[in-house]
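Work through each one with the model open, then compare your steps with the solution.

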Amino acid sequence: MGTLTQSPAWQRLLAHKASLGSHLRDLFERDTQRFEHFSASGAGIFLDYSKNRITRETLDCLIALARQQDVEAWRDAMLRGDRINTTENRAVLHTALRNRSNTPVMMEGLDVMPMVNEGLAKMRAFSEAVREGQWTGFSGKPIKDIVNIGIGGSDLGPCMAAEALKPYGHPDLSVHFVSNVDATHIYETLRHLDPATTLFIVSSKTFTTDETLTNAASARTWLIGASEDPGALAKHFVAVSTNLSEVERFGIPAENMFPFEDWVGGRYSLWSPIGLSLAVFIGMDAFEEMLSGAHEMDIHFRDTPLAKNLPVLLALMGIWNINFEGMSAHAILPYDQYLAHLPAYLQQLDMESNGKTVDRQGRPVNYATGPVIFGEPGTNGQHAFYQLIHQGWPRISADILFPALSLHPLADHHIKLLANALAQGEALMRGKTAEEARAELVAAGLPPETIGRLLPHKIFAGNHPTNTLMVDRMTPRRLGALLALYEHKIFVQGIIWNINSFDQWGVELGKQLAKPLLAELRGSQPQPHDSSTAGLFREIAKVRSRAI
């Protein structure tokens, strides 16, 4: 077979696209059962994808593309532990971390589940000791504040989930997240905390990540300065890592380390001991409920036919909108304040996974892959960037997410939130024609000259595709299912695009270039740079020399 764009299924979609030519409002008028035809559910999540510019023929063509690209075979290979991350020669088995059925998961002849269960048991014992006040600091006081120090997947997942599940948090515990190497982040976090009642969880897969170790070293200095006892480290620091020697070199004893395997990718590691700060905050029962929800979605993904498979359907809508409708950006719009960090989490999950320009064979691709991901909670986003989505030049697709029921049924807040969520989906789909806009202005009693002046500004093209995802309430189980849904969606898209969604070589380049510049800033011999970098270096040096 030639390249993806030359393949039969791709060519069939191109031909179909050329003949489609309908506005979304026309598609709804032609098919009164459109909602029933283009909706599905699984693992407690309801998906309405009818507001995409598709017909049943479009869906058939997209499913044919998924089959042509062997999505089902690749799915099975991932779930059984094959080394599908070929550039790093690793398996991709984060689904084993949430395998609540506890059926054997074999990787190269070894069942990984005993190791997974051992890790969960250690997390439970530790989290219960902290939550029940049995784990005390150097002064004998119980822990009150947990500070997770990590970056990327060691920060975004636990941080997002801790906010999403804040109602389930321990009333006497607060959790904080430090990721940025900017001193402001750790300074502002620590300055209101008591060293005697603060626990640090240092999360780094390799325990060599510069940003994380810099922040951890400052936290160590802060603690030892307050306790005047280097031995206090064992009462206030634990590590989540795969690198025991570096953990011990830092000063954290081996018994305070929570290990995990190299088949757990960073952006898929929330389900592993990387989620320790979350487990302490919400309790291990709630953490395992989250795992159960993700496992439900894993089973749905594995067993459900493609035409009703939520991750596959979301993936196919993305393929259609990106590759055939020409959209390069996708908005995540959660109408749930607790999901405030979900867009940032999905930015990493999606853009780090599928931001690739070469295929699995190392050949340049001649088609778009991962989109730009952005978003904000509703209704805040409506007063920020929705204007561009409605009337701006780029066409942007979106996911609108909401719980049908609020965890805080205060007055009529939630029904107003739901009304806004539904209204935005309808407005993006329908738009407003010139005739409709003119009729509104006439009804408002405006004179003809004012109507003529305002009319162009009141027209909305519509035809903007959205998916709507609904849960009953945002519980740990529903959050787990939702996150697993997006993981699998992104995986399916990577398979269709024939790219490796599990490496991230682009992350490394900036790190490599930062090392010599750091040495130069510390006074070593300058190295050759482009004129811009060299010029900026000189300007920084001038300012710093004056400050000294």
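**Exercise 1.** Find where Asn 102 sits in the chain, and decide whether Asn 102 is buried, partly exposed or exposed.

*Solution.* Step 1: Asn 102 belongs to the loop between helix H5 (71-79) and strand S3 (106-107); helices (H or I, at least four residues) and strands (E, at least two) are DSSP runs, numbered from the N terminus. Step 2: its phi is positive, about 60 degrees, although Asn 102 is not a glycine. Step 3: most residues other than glycine have a negative phi. Step 4: Asn 102 counts as partly exposed because its relative accessibility is 39% (buried is under 20% relative accessible area, exposed over 50%, partly exposed in between, with a 1.4 Å probe and protein chains only).

This is a predicted model, where local features need pLDDT of at least 70 and side-chain atom pairs count only at pLDDT 80 or more, while totals for chains, interfaces and linings use all residues. Residues are numbered from 1 along each chain as its sequence is written, and side-chain values use heavy atoms, leaving out hydrogens and water.

**Exercise 2.** Is Phe 207 buried or exposed?

*Solution.* Step 1: locate Phe 207 in the loop between strand S7 (198-203) and helix H9 (210-227). Step 2: note its positive phi, near 55 degrees. Step 3: with a relative accessible area of 1%, Phe 207 is buried.

**Exercise 3.** Which residues does the cis peptide bond join?

*Solution.* Step 1: the bond joins Gly 378 and Thr 379, with omega about 10 degrees. Step 2: Thr 379 lies in the loop between strand S11 (372-375) and helix H16 (386-391).
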